Amino acid sequence: WDSPWGLGYPGWHIECSAISVRELGEYLDIHCGGIDNAFPHHTNEIAQSEAYLGHPWCKYWFHVLHLNDARGKMSKSKGGFLTVSLLEEKGYNPLVYRLFCLQSHYRKPLTFSFDSLDNAAQAYQKLAQRIAALSKEGQPDVEAARPYQEQFQAALGNDLNTSLGLTVLYDVLKADLSDATKRYLIDDFDQVLSLDLLAKAAKVREEQSRAKAAQTSGGYTVTGEGDPEIDALVLARGEAKKAKNFAEADRIRDELKAKGIEVTDVPGGAVWKRI
């Protein structure tokens, strides 16, 4: 449209208001964005949307601080930013990155490094191992579980304190509760955390069973740091070598190397370590 300042056109701020009102209606419970959107983008959205609607628009505004690396804020303009595809290419489960983020608070800037992500990967694996060790028998004690549910809800109600929520999860694993009650609570908490904990634990149990069977039947012993997933890969490499399938053995070796694992063949098996 014409204006005293030249030809006008819709900009970023009005675009967001228009799309939000059209697709989500006149009332929003929560509006998200990075901390750099708080001003002027979100203040403009509020001003124009409420002027148009004639009533309050969003109940809560959720501003996340930046993900940084050693150089500062990650951004496309700087030519370096993180993607899930990149993490997968490097052999990381995206849920490990989710855990990495949940360990912090959204109001705090988070500094990323692959060392930190490796620590999160180890924490995720150990957490799954502890859950895998829980018995699947029995029924949960719902009454005994309630105080822990209240603690978890209080943590999330305290400005989405996911770090404190994870602390409650670890408290459950240490608590004097039946295994069935612990699994019940883990499943309940994971509706929020979305870490696929029970599914990951089931996979760990399968890997442990497969590794135990392979060791027993083939006499091939794997020594490492007690990680069933890595044990299973090292065993699979040993089986491939025994079958003279050297291409598959090399592929597994490369996969292990990408995970930061060094494998040394010894008589009757292999020893692995993280490098």
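Let me start with Leu 197, which in this predicted model is in contact with Tyr 124, Leu 127, Ile 131, Leu 169, Ile 186 and Asp 190, if we leave aside its neighbours within four places in sequence.

That residue leads us into the largest nonpolar core, which has 40 residues, and among those that touch the most other members are Leu 197 itself, Ile 131, Leu 169 and Phe 189, together with Leu 193 and Leu 195. The elements giving two or more residues to this core are α4, α5, α6, α7, α8 and α9, and α5 gives the most, with eight residues.

Staying with α5, residues 114–132, its axis comes within 9 Å of the axis of α4, residues 94–102, and the two cross at roughly 100°, so these helices are roughly perpendicular to each other. On the α4 side the contact is made by Leu 95, Val 96, Tyr 97, Leu 99 and Phe 100, and on the α5 side by Ser 116, Leu 117, Ala 120, Ala 121, Ala 123 and Tyr 124; by class, that is ten nonpolar residues, one polar and no charged ones.

Now to the sheet, where three strands lie in the order β8-β10-β9, forming an open sheet with mixed pairing. Because β8, residues 221–223, and β9, residues 261–266, each have a single partner strand, they stand at the edges, and one side of each is left without a neighbour in the sheet. Neighbouring strands here are turned by 20° against each other on average, direction ignored. β8 runs parallel to β10, residues 269–274, and three bridges join them; Thr 223, for instance, has Val 271 in β10 as its bridge partner.

Technical notes
Residues numbered from 1 in each chain as written. Predicted model: local features only at pLDDT ≥ 70, side-chain atom pairs only at ≥ 80, totals over all residues. Heavy atoms only, no water. Axes fitted to C-alpha atoms, helices over the stretch in contact; angles between N-to-C directions. Helix = DSSP H or I, 4+ residues; strand = E, 2+ residues; numbered from the N terminus. Parallel < 35°, antiparallel > 145°, perpendicular 65-115°, else oblique. Contact = heavy atoms within 4.5 Å. Nonpolar A, V, L, I, M, F, W, Y, C, P; charged D, E, K, R; others polar. Core = buried A, V, L, I, M, F, W, Y, C linked by side-chain atoms within 4.5 Å. Buried < 20%, exposed > 50% of the residue type's maximum accessible area, 1.4 Å probe, protein only. Pairing = 2+ DSSP bridges.
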